[in-house]
Every structure is written in C-alpha cells, then in structure tokens.
Amino acid sequence: MNGILLPPAYLAPAEYYSFLISGRCTVEQYANYNRHTYANRCDILTADGVHALTVPVEKPREKTLIRDIRISYSSKWQQTHWRTLCAAYLSSPFFEYYQDDFAPFFSRRFTFLLDLDMELQSLILSLLGFRAENIRLSDHYAPAGKINIIDMRERIVPKKNSVSLHEESIVPYYQVFSGRFGFTAGLSIVDMLFNLGNESRLYLMRMRPDALLAAASSGQGTDAESRDINIF
C-alpha cells in the first residue's frame, strides 16, 4: 500500500483518522499556511447544529510555513472551546471518561499551532489504541503532482467534503443530537470518541478498506519519509 500525505489538523475529522491509521503516513509541515483548512479548526455537533471551533492565530506574513504559525491568546479561546465541548458532549456516554485527557490542552499554552495539532493527534491515537510515535512530519515541501504517494493535502478541507468515502464505508453511529438532526458526518474525531468510546477504533477500521484508499488516490504522492503506524 502506498503511503499517505496528510495536512495538519486540529481535532481532525474521523475521516482523517481513517486515513491516518491505514498505513505509512506523513503530516505536511512545509506548506504555506492556509486559513481555509482544518489546521486550526474542527466541527462538532451542538444543540444548535454543526459548530466550528477555531484556534486563533497571530497574523502571518503573506507566506508563512504551517510549522511557523503561532497561536494567538488575545482572546480566551481555550475557555470557549472547552465550555462548548462540555455543553455539547456532557450527556454523551463517554465524555466523562475522556475529559481528564483533553482538559489540559485547554489550559496549557502552546506557542505553535503545529505542536498543538500533533500532540492532540498523539493523544487521540493513544486513546484509540494505535501507536503514534512512527508518524513522520515531512522533511521538505513537495508540489502536488510531483510526488508518488496518496496526496490528501488539498482533499481533507472544510466546506467541501472532498474525501470521497464509499457509501458502504460510512456507518452511522449514535450522536447526542441525532434525534434532532439525524446522523451528521464529517465531524471531529472527538464526536465519535465521546459517543462510542473504545468502539471508535472498530468503526474507524471499518472505514478504511483498500478500495477507499484507492478511490482517494489520484496517482500522486510524496518522497518525504514516512513509516508505518503500528497497532497495539
């Protein structure tokens, strides 16, 4: 199976994690920052519907590498994010089980956005029962079309669900507000984790058949180094 090149993401969608656990993965750090990505935002489901949580960043120069983007603390965004998560998921089956794992991220001050993204990713993979230490950050920038693994950098983005999952791979699961809105796909992995707990692992593995990766592949990839993600 070819490797996969992913963009960095803040509490990424479940679909992102289905790719992340599928084989050799590299997370891009040398691309220029683009605010229209999941690098500093995620979507959750609240009593009012889908709600975006956005990490504010210091205004970057015209072209700033994602690895150099600094988080802004001019507003109390951490307090806002945590309160919103609590309000949305306190009644979910597993929020109380996981809340002590996530709470420190909403009081600890990270300087760089990429560090926040990667440490949350490491935590979530650990909670799901997957090893995170073998995930690589890219060691240089490779333009699209000039790489030889599956390039998902421009396909996992907000506002267009560009990750084409086969219908049979999308299995609705219980959500706190599904009675009001029906099943809502494309949400942050925490929605699944807080609602399904340990079963999230099995759900993600059902979402990652080889055909899914083949469908997502456009014949592009990267020569950036990557390693397998191992299952405990």
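User: Hi! Which residue in β5 does Val27 stand opposite?
Analyst: Val27 stands opposite Leu137 in β5. Strands here are DSSP runs of E with at least two residues, and helices are runs of H or I with at least four, numbered from the N terminus. This is a predicted model, where local features need pLDDT of at least 70, side-chain atom pairs count only at pLDDT 80 or more, and totals for chains, interfaces and linings use all residues. Residues are numbered from 1 along each chain as its sequence is written, and side-chain values use heavy atoms, leaving out hydrogens and water.

User: Thanks! How many bridges join β2 and β5?
Analyst: Two bridges, in the parallel sense, with β2 covering residues 25-27. Strands count as paired if DSSP finds at least two bridges between them.

User: And what is the strand order in the open sheet?
Analyst: The order is β5-β2-β1-β6, with parallel pairing. β5 (136-137) and β6 (150-151) are at the edges with a single partner strand each, so one side of each has no neighbour in the sheet.

User: Switching topic: is His81 buried or exposed?
Analyst: His81 is buried, because its relative accessibility is 3%. Buried means under 20% relative accessible area, exposed over 50%, and partly exposed in between, using a 1.4 Å probe and protein chains only.

User: Where is His81 found?
Analyst: In helix α2, residues 77-89.

User: Which residues is it in contact with, beyond its neighbours within four places in sequence?
Analyst: His81 is in contact with Tyr10, Leu53, Thr54, Val55 and Phe106, where contact means heavy atoms within 4.5 Å.
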